[in-house]
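Visitor: I would like to learn how to read protein–DNA surfaces and a helix crossing. Where do we begin?

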There are 2 protein chains.
Amino acid sequence: MSTSSSLSTSSAEILVIDDEPQIRKLLQITLDSNNYKVNLAATGKEGLILAANHPPALILLDIGLPDISGHEVLKQLREWFTHPIIILSVQNSEQDIVTALDNGATDYLSKPFRTGELMARIRSSLRHSQSDNLSSIITVGDLQLDIVARVLRKNGEVVKLTATEYNLISLFVRNEGKVLTHQYILREIWGVGFQSETQYLRVFVAQLRKKIEDNHNHPKHIVTESGVGYRFC
Amino acid sequence: MSTSSSLSTSSAEILVIDDEPQIRKLLQITLDSNNYKVNLAATGKEGLILAANHPPALILLDIGLPDISGHEVLKQLREWFTHPIIILSVQNSEQDIVTALDNGATDYLSKPFRTGELMARIRSSLRHSQSDNLSSIITVGDLQLDIVARVLRKNGEVVKLTATEYNLISLFVRNEGKVLTHQYILREIWGVGFQSETQYLRVFVAQLRKKIEDNHNHPKHIVTESGVGYRFC
DNA sequence: CCCGTCTTTATAAAATCTTTACACCTTCTT
DNA sequence: AAGAAGGTGTAAAGATTTTATAAAGACGGG
């Protein structure tokens, strides 16, 4: 996966998947002038192939594609592609946005967009995905996650976790401050097909809380968002 | 993308569709002196033709037209026209207003109206249609909605909201400045079939106000439009 | 076969949603 | 301008859904 080393902030490779020629043109010019290497795909199928053959540092994906739905492309990409995917969608399609975020989109932008804003988002997303990779230790409050060693520490002491527990806390830590829906978590940890097994999640969240919270009756790290999911702080 | 650039705030083109000569005259003078370019249509048919031949930045539409009903004009316009349409209606025709808003009107004004208020509404609508580029963080006054993280902040602090409360404030924030009818809100949040449950809405608006308004007896954000719906500012 | 881990079941507790009741405020009528 | 009528705000009780937790059963690697 991380063969595709996103180099220093500029000169990173970006894959654009969009069926509208004028948008592709605009993005090509804009990204080019910002020192990104650009690859273009006009269809979902083409995008999937290009991404697989030559994994970019970031993907810009139009959700309204003609051949395969952008949502489907996103799902297939997310089975292996861990770098940022920014969604482009037409205005006011709230449902599209929610679905896309639930399917693992990093961020989104509504068309029409100002190119300046797009560039800011690209920079921000790349910065994030880099710092994820570079510093293998992420610290949140009294917790430290060592991604390379696959170890969690609380106040310096190793917390003994099972594989699933580790995967879960890792997902939480990497998405600090963001509400993760039950479905999203289940898909990330257990895989597609387990999205209705919310009870698994409850059991493992309870176990994690016993191990990482000072007072597991008043959890400060793993916060319940009733009816939606959990948020890690 | 931004091909249909409505120019800088003034000198934008406005199309007035109204059968009453004295209203047309008044609007012509008022708009003119505010640096808008004005086109006038006396009938619905004429208005549709003018709009199609030369799309304006905003349309002022009288709902009580003699030839085609204003509602019909609105519907036909909304099949392709995405810029603001402000409705003018006679007093006491709340049903007309609600229907128009449901059909995609941006805002409404009851005749007789103060020209100052009309200008304010026009400015507000134009400002919106220019920058309705939803970014993943939308700021309105002291509130910030982070759609990606699914979190609302007030002065930087996270506001604890239930799922329904969040859905509601999200709808409001994404439609800032626009009147949302009870029916529309109920349909968006609870789904079709709940459109007569206006009491739900009152309860949840009250709860939201307690959480986001400085003084919930004098709400500044969620404003009541009596008989019609709510407007978020 | 044993041990650690995952899955499933059961149930108590918590949070949220719905409904009711009533006071209050607007708007319209006279 | 006063009263009536209808719309709105709020608290709180009841109903429902969602969540937490323990503990039993199932599974699989060594």
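Guide: Begin with DNA strand C: 19 residues surround it, where a residue is near a strand if its C-beta atom, placed from the backbone, lies within 6 Å. The closest are Thr162(A), Thr164(A), Ser226(A), Thr162(B) and Thr164(B). This is a predicted model: local features need pLDDT of at least 70, side-chain atom pairs count only at pLDDT 80 or more, and totals for chains, interfaces and linings use all residues. Residues are numbered from 1 along each chain as its sequence is written, while chains are lettered from A and ligands numbered from 1 in the order written.

Visitor: How many residues surround DNA strand D?

Guide: 22, with Ala206(A), Thr224(A), Arg202(B), Ala206(B) and Thr224(B) the closest. The elements giving two or more residues are H8 (198-212) of chain A and H8 (198-212) of chain B.

Visitor: At what angle do H6(B) and H7 of chain B cross?

Guide: Axes are lines fitted to C-alpha atoms over the stretch in contact, and angles run from 0 to 180 degrees between N-to-C directions. The axes of H6(B) and H7 (residues 182-189) of chain B come within 10 Å and cross at roughly 130 degrees.

Visitor: Which residues of H6(B) and H7(B) meet?

Guide: Contact requires C-beta atoms, placed from the backbone, within 7 Å. Thr164(B), Asn167(B), Leu168(B) and Leu171(B) of H6(B) meet Ile185(B), Glu188(B) and Ile189(B) of H7(B).

Definitions and conventions. Helices (H or I, at least four residues) and strands (E, at least two) are DSSP runs, numbered from the N terminus. Two residues are in contact if their C-beta atoms, placed from the backbone, lie within 7 Å.
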